[in-house]
Amino acid sequence: MLEDEQFGDPHVHAQSIVTDRGQLRAALTRALGRAPTLPATVVTACRQRRPVAMTSVLPERVTCLACREAAREAHLRAAEALEALEALEALQGLPTANSEHFRQTRRRALEHRDLARRLG
Ligand SMILES: [Zn+2]
């Protein structure tokens, strides 16, 4: 059930977790062997519970300023963590430096940097 205050909220929010629901659903489907039913509401980056339809994973659609700032910070932290992992693997001289895992880590870090830039 939605609270009254939510009906007057004109903003599109960002979800509090960095991973988007499409990726989450795909990962759960792979793990469970069937498509899960996800909740109809989510916690936003500005710490409110809102219907999924009032959120977006596209930076250009997020109009809540608190969400833009919180999501930008979350994407930067995620990029830094992935880059630290990448640097650690490179420092260790692991043969994984040219592996698919290494390339995926780099690509995901760049995606988070791009999302942070679009939110800023
Ligand atoms: Zn918000």
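The chain has four helices and two strands, where helices (H or I, at least four residues) and strands (E, at least two) are DSSP runs numbered from the N terminus. Along the sequence they come in the order α-α-β-β-α-α. Keep in mind that this is a predicted model: local features need pLDDT of at least 70, side-chain atom pairs count only at pLDDT 80 or more, and totals for chains, interfaces and linings use all residues. Residues are numbered from 1 along each chain as its sequence is written.

**Overall picture**

- Buried residues account for 18% of the 120 residues in the chain; buried means 20 or more other C-beta atoms within 10 Å of the residue's own, exposed means 12 or fewer, and partly exposed is in between, with C-beta atoms placed from the backbone.
- Take the contacts between residues at least 6 apart in sequence, and 64% of them join residues at least 24 apart; a contact here is a pair of C-beta atoms, placed from the backbone, within 7 Å.

**Helix α4**

- With its 20 residues, α4 reaches 29 Å from first C-alpha to last, close to the expected 28 Å, which is 1.5 Å times one less than the number of residues.
- His 112, Leu 115 and Leu 119 are the buried residues of α4.
- These sit on the same side of α4, because they cover an arc of only 65° around the axis, taken from the directions from the helix axis to the C-beta atoms.
- Part of the cover over the buried residues of α4 comes from α3 (65-91).

- Arg 113 belongs to α4 (residues 100-119), and it counts as partly exposed because 17 other C-beta atoms lie within 10 Å.
- Arg 113 and Glu 80 are 33 residues apart in sequence, with 8.8 Å between their C-alpha atoms.
- Over in α3 there is Leu 76, also partly exposed, with 17 C-beta neighbours inside 10 Å.
- Leu 76 and Leu 115 are 39 residues apart along the chain, and their C-alpha atoms are 8.7 Å apart.

**The nonpolar core**

- The largest nonpolar core has nine residues, including Ala 14, Val 62, Cys 67 and Leu 115; such a core is a set of buried Ala, Val, Leu, Ile, Met, Phe, Trp, Tyr and Cys residues joined through C-beta atoms within 7 Å.
- At least two residues of this core come from each of α3 and α4, and α3 gives the largest share, three residues.
- Setting aside residues up to four places away in sequence, Ala 71 touches Ala 14, Ala 45, Val 62 and Leu 119.

Notes: Two residues are in contact if their C-beta atoms, placed from the backbone, lie within 7 Å.
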